[in-house]
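User: Hey, can you help me read this fold? I'd like to go through the sheet and then one of the helices.

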Amino acid sequence: MFIGVTGHQDIPESARAYITDSINEIMGKYSKVVTGVSSIAAGADQIFAEILYQRHEPLYVVVPSKDYESAFDNDQARDCYKRLLGSATFVETCPFSSPTEEAFFAAGKRVVDLSDHLIAIWDGKEAKGEGGTADIVDYARERAKAITVVWPKGLSRK
């Protein structure tokens, strides 16, 4: 069973516990080993990957581009990415030299294609750029993938 994730990078601190609990609840519904699929971007992807790490579940990473590390805005998210990447069971890198919206969209599609179930950490709003969470959810819907949307009711992102 492969469970993928897509989601916002800018997760409000007040949403983290709800998101973590929801992901753990979803993962707990499966009696067999689950392989997580993620690009381990800042925010939702890293929350998901940290849960997999704590649960000793395998992680399949889809890296959007060769120079993906340069896309991280802060050292903490970049360091988390490196640590989680080092713990991955399998790593696949998309054929892009730099981190662009096209590369992010391609990686998001690949996460969906590999997944039996997609967890979307999503506020339900349109994507801010090509390949954003809404675009990946639309792609998953087109492919009739099982999708669970996780977002605290009434919470807005800035």
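User: How many bridges join strand 3 to strand 4?
Analyst: There are 4 bridges between strand 3 and strand 4, and the two run parallel. Keep in mind that this is a predicted model. If you want a spot to look at, V63 stands opposite T93 in strand 4.

User: OK, and what's the strand order in the sheet?
Analyst: The order is 4-3-2-1-5-6 in an open sheet of 6 strands, with parallel pairing. Strand 4 (90-93) and strand 6 each have a single partner strand, so they stand at the edges and one side of each has no neighbour in the sheet. On average, neighbouring strands are turned by 20° against each other, direction ignored.

User: What actually holds paired strands together?
Analyst: Strands of a sheet pair through backbone hydrogen bonds, either parallel or antiparallel.

User: Let's go to strand 5. Which residue is the bridge partner of G4 there?
Analyst: That's L118. Strand 1 and strand 5 run parallel and are joined by 5 bridges. L118 also has a bridge partner in strand 6, namely I147. Strand 5 and strand 6 (residues 146-150) run parallel too, with 5 bridges joining them.

User: How does the chain get from strand 5 to strand 6?
Analyst: It crosses through helix 5 (residues 133-142), and this β-α-β crossover is right-handed.

User: Are the faces of strand 5 covered or open?
Analyst: Both are covered. H117, I119 and I121 are buried on one side, and L118 and A120 are buried on the other.

User: New topic: helix 2. How many of its residues are buried?
Analyst: 9 of the 12, so helix 2 is largely enclosed by the rest of the structure. The buried ones are A44, D45, Q46, I47, F48, A49, E50, I51 and L52.

User: What do they pack against?
Analyst: Quite a list: strand 1 (2-7), helix 1 (16-28), strand 2 (35-38), strand 3 (59-63), helix 3 (75-87) and strand 5 (117-121). Helix 2 lies across strands 1, 2, 3 and 5, running at about 150° to strand 1.

User: Does its length agree or disagree with what you'd expect?
Analyst: It agrees: at 1.5 Å a residue, the 12 residues of helix 2 (residues 44-55) should span 16 Å, and the end C-alpha atoms are 17 Å apart.

User: And what happens just after helix 2?
Analyst: H56 takes a positive phi of about 60° there.

Key: Residues numbered from 1 in each chain as written. Predicted model: local features only at pLDDT ≥ 70, side-chain atom pairs only at ≥ 80, totals over all residues. Heavy atoms only, no water. Expected span 1.5 Å × (residues − 1). Buried < 20%, exposed > 50% of the residue type's maximum accessible area, 1.4 Å probe, protein only. Contact = heavy atoms within 4.5 Å. Pairing = 2+ DSSP bridges. Right-handed = clockwise from strand over helix to strand, strands pointing away. Axes fitted to C-alpha atoms, helices over the stretch in contact; angles between N-to-C directions.
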